[in-house]
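Visitor: I would like to learn how to read salt bridges in a protein model. Please show me the structure and take me through some cases.

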Amino acid sequence: MRKIALNFSKWFVGCLFIFSGLIKANDPMGFGYKLQEYFEVFHVNFLNNWATGIAIILCVLEIVLGALLLFGFWKNQVTKGLLALIIFFTFLTFVSAAFKVVTSCGCFGDAIPLTPWQSFGKDLILLVLIVYLFINRAKINPVTVNKRGQLGLFSGIFTTSLLFGIFTYNYLPVIDFLPYKVGSSIPELMKIPPGATQDEYLIMYQLKNKTTGATKTMSDKDYMKQEIWKDERWEVIGTPDRKLIKKGYDVKIKDLLITDASGTDYTKEIVENPYYNLVIVAYNLQNTDEKAMQNINALALNATDQFNIRTVLLTSNAAQDAAAFSKKMKLFTEVFYADAVPLKSMVRANPGVLLLKNGVIINKWHFNALPSFDKLAEKYFSK
């Protein structure tokens, strides 16, 4: 039984760490955005510029430690590393859950969203298993005792995981788990399907007894059922709160609002354009790659001149800053504005480009992988 327990713990922990690391390494920018939320909570915002780099390092660490555990190499160092890592993650998820500061931990990226309490429970299970492995680390046997072979496997795993994270950072995730993946219809993902369940809320009243000064909280249903309004001793104080009691259909895209500088809503006009149109996404113009913007601008100019393709730029910057940037870069495109959160989800690049037609994402590119105008014309515009 002890051998079974040890092998189960080793395989469960090792595979889960590898899976978790690979999922996050598939989208290091997304993991970096999540780390920035934690940096804000702990008031270490100076780390924001290194968030993606730290994300890649953590992903590599998870993958390497998980793999080394399965191979049984360097059991003392590996179990200590796993123990330190899981204590750190458990602390973070507890803070998220207890103080409701980060609504999703990002343990498995956007592939498997977990609530903070679910993530905390998962980390507690892992903590127990890793403590068991640490106590019984002397019984973990390596698959090979050849030092050269051990070093070779370690080097291969480390290099492969590091290169994978760097590749996905520079050329978009290999698997896109976000709503704005290729083939998705943005207008459809913004709708609630007919017959879908709606969110159910209770209106919560704060009541105060005029005579005794006692206070209590009561739902609107109990308020009406007990006919509290007829009792002149009780009065409603403050503003009633809405309490979610049953989650309904979760709209995949619920935070996309595209406006011009004056605040006029252009969302429908842009995302439901029946023709090919290019959408340049640069959520932060201060940090965007200017050389890439010049190349995209030239491509947009050719697309409009030869095929009458509309091109728009979406950014979360202030209108004054965007206008100054547009003038500096001599941008040909129209400029519109949206919140940074949906823009970061659209494409993991700054800038990135989406090709839309009738609201469907035909394709999208990181600026490092954007095809030439001739290739775009041959594959899309000329058909």
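Guide: Side chains of opposite charge can pair when their charged atoms come close. In this predicted model, the side chains of Asp-231 and Arg-233 form a salt bridge, with 2.7 Å from N to O.

Visitor: Which residue pairs with Glu-290 in a salt bridge?

Guide: Lys-328 does, at 2.9 Å from N to O. Glu-290 belongs to helix H10 (residues 290-307) and Lys-328 to helix H11 (residues 319-329), so their pairing ties together parts that are 38 residues apart in sequence. Glu-290 counts as partly exposed because its relative accessibility is 32%, while Lys-328, at 55%, counts as exposed. Elsewhere, salt bridges with shared partners link Glu-269, Arg-310 and Glu-334 in one network.

Visitor: How many salt bridges are found in the whole structure?

Guide: The search finds 13. One of them joins the side chains of Lys-122 and Asp-123, at 2.9 Å from N to O.

Visitor: Where is Lys-122, and why does Lys-122 count as buried?

Guide: Lys-122 sits in helix H5, which covers residues 116-135. Buried means under 20% relative accessible area, and Lys-122 has 18%, so Lys-122 is buried. Asp-123, its salt-bridge partner, is buried too.

Visitor: Beyond its neighbours within four places in sequence, which residues is Lys-122 in contact with?

Guide: Those contacts are Leu-16, Cys-107, Phe-108 and Leu-114.

Notes:
Residues numbered from 1 in each chain as written. Predicted model: local features only at pLDDT ≥ 70, side-chain atom pairs only at ≥ 80, totals over all residues. Heavy atoms only, no water. Helix = DSSP H or I, 4+ residues; strand = E, 2+ residues; numbered from the N terminus. Buried < 20%, exposed > 50% of the residue type's maximum accessible area, 1.4 Å probe, protein only. Contact = heavy atoms within 4.5 Å. Salt bridge = Lys/Arg side-chain N within 4 Å of Asp/Glu carboxyl O.
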